[in-house]
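Please read it alongside the sequence and model shown here.

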Amino acid sequence: MTTDPHIVIVGAGHAGGCAAAALRTAGFKGPVTLIGSERYLPYERPPLSKELLAGAIPHEKTFLRPAAFYEDAQIALRLGETVAAIDRQAQRLELEAGGNLAYDALLLTTGARARRLPLPGGDGPRVFYLRDIDDSLALRERLQEGTRLAVIGAGFIGLEVAATARKRGVEVTVLELAPLPLARVAAPEIGAFVAALHRRKGVDLQTGIKVTAIEDLGDGLRISAEGSEPILADYAAIGIGAQPNTELAQAAGIETRDGILVDAQGRSSDPGIFAAGDVTRHLNPLFGRQIRLEAWQNAQNQAIAVAKIMAGGQDPFSEVPWFWTDQYEVNLQMAGAPERWDQVVWRGEPTEPGFTLFQLLEGKPVAAVTVNNARDMRFARMLIQRAQVVDASALADKAIKLQDLAR
Ligand SMILES: Cc1cc2nc3c(=O)[nH]c(=O)nc-3n(C[C@H](O)[C@H](O)[C@H](O)COP(=O)(O)OP(=O)(O)OC[C@H]3O[C@@H](n4cnc5c(N)ncnc54)[C@H](O)[C@@H]3O)c2cc1C
């Protein structure tokens, strides 16, 4: 009989799948159960707005690992099952379909869901959200040449949908409340670059537009907005952000604040319960503050770090946040999570095929964006991590190697 604890992971998405595998890699021999609402094997979401939406890959290509992996690793995979409640006292999960599941240690990787448009018509049959494989496949079917698509929200997902739709010959209008795309996450210079890119590709990008209602006319949609004439479209895709799935933790009395609050080792306010991925607001030791990220790197690497802790390790999760997006022929990568900056430094020009933009605060790099210039990213992250004053003119000078500045 084993004396190892039973680790249960709730949420079989990217973080959950990575954590389960990492427990075995870290040498954990006890029982592991990975339970998740979706019926698909744990998968990566980035292709959902890119290759899968474009029809370039089958959905199975998004899977982290084949089914046989979980069998071989003796990870009990329970798909299509939703956890309804956590009984912390009894160390037991209650399942939505009835029955329960005992745990000794618990990892919550419940992720996030697409924020709904809180407006009349925001949930009709011609209105699409994008979070899971089924959402992507359903929207894909509608993206036929000549179809009119209104994308509401010019964040990463909205813009990726717009780019994929344009490639399929769809007529695309993007409606954004802020004056520029990516206003929540990127410097205005990058927002302006991305706006110009989409307009060049034929997107009707309208900013400063407040959508007030979506009316289903039977054969299409009429979208009313302040600051614009009504927009007619066949379908709408909504990309107005994500909301962490914290309800399970919250109902169990675990501390949450737009995310499950965890320390750098992934421990929640209940030391026996851990969390990782999009659902966490975690302490980042490099910045000395709590951040919530919605990014592939965080889902994977935080989950692996927390799994190692649960298997007896000590090392906290401590990385410079990193994110990428692909739109048309542009690969854009971002590092850092700055709350503010007081200077931007261009390394290259936005008119060049590739360039990098640094954001500095009091002379120290706090964020960087590379556009078709991924080779700068590693050194940009080193510079952000080092948090030392750099010579801005040297940073802008492409004759000076970034690795020499990062050393
Ligand atoms: C369309 C799209 C494109 C993206 N593109 C990029 C990109 O280009 N670059 C990048 O860096 N990041 C990208 N991301 C972000 C990245 O995919 C996410 O950060 C990552 O998926 C988060 O992983 P997670 O495991 O924390 O959450 P999720 O992947 O959301 O997994 C959580 C899982 O938990 C399940 N669950 C929730 N509650 C329960 C419950 N009570 N019981 C059982 N199961 C439950 C959910 O059904 C879900 O399957 C993209 C995301 C989306 C949606």
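A contact means heavy atoms within 4.5 Å. On that basis, 60% of the contacts in the protein chain with a separation of 6 or more come from residues 24 or more positions apart. The model is predicted, so that local features need pLDDT of at least 70 and side-chain atom pairs count only at pLDDT 80 or more, while totals for chains, interfaces and linings use all residues. Residues are numbered from 1 along each chain as its sequence is written, and side-chain values use heavy atoms, with hydrogens and water left out.

**Overall fold**

- The protein chain has 11 helices and 26 strands; helices (H or I, at least four residues) and strands (E, at least two) are DSSP runs, numbered from the N terminus.
- The radius of gyration is 22 Å, which agrees with the value near 22 Å for a compact globule of 407 residues; the radius is taken over C-alpha atoms, and the globule rule is 2.2 Å times the number of residues to the power 0.38.
- The C-alpha trace spans about 65 × 60 × 35 Å along its principal axes.
- Of the 407 residues, 52% count as buried (buried is under 20% relative accessible area, exposed over 50%, partly exposed in between, with a 1.4 Å probe and protein chains only).

**Second largest pocket**

- The second largest pocket has a volume of about 340 Å³, the volume being the space filled by probe spheres set on grid points that are joined across faces, edges and corners.
- A pocket is an open set of points, on a 1 Å grid over the protein atoms alone, where a 1.4 Å probe fits, with protein on both sides within 12 Å along at least five of seven lines; lining residues have an atom within 4 Å of a point.
- Its lining has 15 residues, and F287, R289, L361, P365 and V366 lie nearest the centre.
- Two or more lining residues come from each of β26 (364-371) and α9 (377-386), with β26 giving the largest share, three residues.

**Residue A19**

- A19 lies in helix α1 (residues 14-25) and is buried, at 0% relative accessibility.
- Beyond residues up to four places away in sequence, A19 touches I9, L107, A303 and A307.
- The C-alpha atoms of A19 and A303 are 4.9 Å apart, although 284 residues separate them along the chain.

**Positive phi**

- Most residues other than glycine have a negative phi.
- Q74 has a phi near 55°, sits in the loop between α3 (67-72) and β3 (75-79) and is exposed at 63%.
- N372 has a phi of about 45°, lies in the loop between β26 and α9 and is partly exposed at 34%.
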